[in-house]
Number of protein chains: 2
Amino acid sequence: MANWVAVDWGTSNLRAWAMRGAVQVDFEQSEQGMGGLTPGAFEPALMDLIGDWIEGPTRVIACGMVGARQGWVEAAYRPVPCLVTAPDALTKAPTQDARLDMRIAPGICQAEPPDVMRGEETQIAGYLAQNPDFDGILCLPGTHTKWVHISAAEVVSFRTFMSGELFALLSQHSVLRHSVGADGWDAEAFADAVGQTLSRPERLAAELFGLRAAGLVGPQTPEAAKARLSGLLIGAELAAARPYWLGQDVAVLGDPSLTAHYAAALRLQGLAPREAAGDALALAGLTEIYMKGQ
Amino acid sequence: MANWVAVDWGTSNLRAWAMRGAVQVDFEQSEQGMGGLTPGAFEPALMDLIGDWIEGPTRVIACGMVGARQGWVEAAYRPVPCLVTAPDALTKAPTQDARLDMRIAPGICQAEPPDVMRGEETQIAGYLAQNPDFDGILCLPGTHTKWVHISAAEVVSFRTFMSGELFALLSQHSVLRHSVGADGWDAEAFADAVGQTLSRPERLAAELFGLRAAGLVGPQTPEAAKARLSGLLIGAELAAARPYWLGQDVAVLGDPSLTAHYAAALRLQGLAPREAAGDALALAGLTEIYMKGQ
């Protein structure tokens, strides 16, 4: 039995941990992400995973898109600057099953420039729980990559980039799908492309179709095209995010296959970024919220 | 009866004109574009449209993606610099029906930076047939917008931008689909966005997610989001294409709803671009090829 349950509920996945204090006793996951659920389907989707873990009323703490307007219940954004966690500001979700004491963590918003995050703040809380003295920049690569300025355990400002979603759309659904390989990597092509768009960001618009044309006019391997597309997008992102990383202490958090590319691009600029696998960070952040709320 | 047939065969459409010399006597079209056809399906798709027009062996001149590697037969690219048309360089396509004397116009390629066009060269030929003294820059907006430097009836250089395909992918398949309206237009939001990415192209990467966030954090109409997305992409394209248009005589050719946006963006930079509807240009170009080949 769990004395509380931690839940990371994103657009496409649902992960749940049975917890006793800070100790994990069980884990389940499903593909019942928020993106595919109607309002009434959240509670059954969760109970499918955790029903066996709970007896009497049990605290469940969830983060992620489950708190979006289209989620179980909307958990309001907190405006920057703010502490990464707010154990007193969880939103209680309505439930049918009296055993569920369901609480959803708020996201964070920024008025100018307009921006939002929902879920990443809990991963950040996990990183700060493990690195309590960290002051600097966190980069969380993904579908929507976040660059976050952290000072004194507060989120000072942040900016979101769609590079991950652009990479997926361009490599799978645009004319570039004929040129970009699914596997393999060409580190030299990546580095060259990062340098091009970082120094001259307008080249992004010009070089994208060039990936298609290069394969028609001359030789270009699918691995090189894939690495070049990624490099062009990440270089343009770094050009826009320069105020975040230039001369800063940067840590890159997330899927190691993604953090490796961002870290490589940053090393090309003379930085020495740290990398941390993102898997465990959401759980660490949810645990931080639970423990602080006791 | 036709004494020759003009065919504009793109990825998604097939258009055919029955001709007597330079005079159009009939027109048919279908959605049997090159993108959906297997190699053996080209001849039947064409005969469906033009079978009634031809008796004895008849010259058919086609332009567009029908000449791609995946088309009826590959019509080699001609390298720049080159004249826009090459009546002597048509590729004969194999046919079952002896009445068909099927010829496909070559595309144009460029080695550095790598680029290709296939179909646009014939529209350009049509424009030059109507404006024989034109020297300057042609902009052909579309899925893959072309900027083309024309001098003395030759294509000197060109560059392709994927802004149209990016707009479609982002507005229909990315997270921005929730923010971007299908209808309406906000000219002020468009002009503001063009200015942002034209002066600071790195803002494209930063401002895309901002379109989503702006609607969550504050008010933003779907029309404004649509116009801003278009403006951000066209502004970034203009920044990259600046060597083409700066201080030049520019004509924008194509679908009037698209040319209007490009022309508006160029006027914001102090230019006075001409606009020409693209419908008739392919036919004018095919006619030019036919007449010169007589």
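Reply: Let us begin with a loop: A:Pro113 sits in the loop between β9 and β10 of chain A. The structure is a predicted model, and the peptide bond from A:Glu112 to A:Pro113 is cis, with omega near -10°.

Me: Where does B:Pro113 lie in chain B?

Reply: B:Pro113 is placed in the loop between β9 (108–110) and β10 (115–117) of chain B. A cis peptide bond joins B:Glu112 to B:Pro113, and its omega is about -10°.

Me: Which value of phi does A:Ala152 have?

Reply: For A:Ala152, phi is near 50°, a positive value in a residue other than glycine. A:Ala152 belongs to the loop between β12 (145–151) and β13 of chain A. A:Ala153, in the loop between β12 and β13 of chain A, likewise is not a glycine and has a positive phi of about 65°.

Me: How should I read a salt bridge within one helix?

Reply: Look at the two side chains, their distance and their places in the sequence. The side chains of A:Lys292 and A:Glu288 meet in a salt bridge, 3.3 Å from N to O. Both residues lie in helix α9 (residues 281–293) of chain A, four residues apart, which is about one turn of the helix. A:Lys292 is exposed, with a relative accessible area of 52%, whereas A:Glu288 is partly exposed, at 23%.

Me: Which parts of the chain does the pair of A:Asp115 and A:Arg159 link?

Reply: A:Asp115 forms a salt bridge with A:Arg159, and their closest N and O atoms are 4.0 Å apart. The pair links distant parts of the chain, for A:Asp115 is in strand β10 of chain A and A:Arg159 is in strand β13 of chain A, 44 residues apart. A:Asp115 counts as buried, at 1% relative accessibility. A:Arg159 is also buried, with a relative accessible area of 12%.

Me: With which residue of chain B does A:Arg159 form a salt bridge?

Reply: The partner of A:Arg159 across the two chains is B:Glu207, with the closest N and O atoms 3.6 Å apart. B:Glu207 in turn forms a salt bridge with B:Arg228, where the closest N and O atoms are 3.2 Å apart. B:Glu207 lies in helix α5 (residues 203–217) of chain B and B:Arg228 in helix α6 (residues 222–240) of chain B, so this pair ties together parts that are 21 residues apart in sequence. B:Glu207 is buried, with a relative accessible area of 15%, and B:Arg228 counts as buried at 13%. Salt bridges that share partners join A:Asp115, A:Arg159, B:Asp192, B:Glu207 and B:Arg228 into one network.

Me: How many salt bridges are there over all chains, and how many between chain A and chain B?

Reply: A search of the whole structure finds 28 salt bridges over all chains. Between chain A and chain B the count is two.

Me: How is the rest of a contact between chains described?

Reply: One asks how many residues take part, how much area is buried and which elements supply the residues. Here the contact takes 39 residues from chain A and 39 residues from chain B. The two chains bury about 3,200 Å² between them, 74% of it on carbon and sulfur atoms. There are four residue pairs in polar contact between chain A and chain B, both residues being at pLDDT 80 or more. On the side of chain A that touches chain B, at least two residues each come from β9 (108–110), β10 (115–117), β13 (154–161), α3 (163–173), α5 (203–217) and α6 (222–240) of chain A. The largest share of that side, 11 residues, comes from α5(A). By class, the side of chain A that touches chain B has 25 nonpolar, six polar and eight charged residues.

Me: What does B:Gly285 touch?

Reply: Leaving aside residues up to four places away in sequence, B:Gly285 touches B:Thr122, B:Ala125 and B:Gly126. B:Gly285 is part of helix α9 (residues 281–293) of chain B and counts as buried, at 0% relative accessibility.

Technical notes. Residues are numbered from 1 along each chain as its sequence is written. Chains are lettered from A and ligands numbered from 1 in the order in which they are written. This is a predicted model: local features need pLDDT of at least 70, side-chain atom pairs count only at pLDDT 80 or more; totals for chains, interfaces and linings use all residues. Side-chain values use heavy atoms; hydrogens and water are left out. Contact means heavy atoms within 4.5 Å. Buried area is the accessible area (1.4 Å probe) that two parts lose on being put together, summed over both. A polar contact is a pair of N or O atoms within 3.5 Å; within protein, one must be able to donate a hydrogen and the other to accept it, and residues adjacent in sequence count only if both atoms are side-chain atoms. Ala, Val, Leu, Ile, Met, Phe, Trp, Tyr, Cys and Pro count as nonpolar, Asp, Glu, Lys and Arg as charged, and the others, Gly among them, as polar. Buried means under 20% relative accessible area, exposed over 50%, partly exposed in between (1.4 Å probe, protein chains only).
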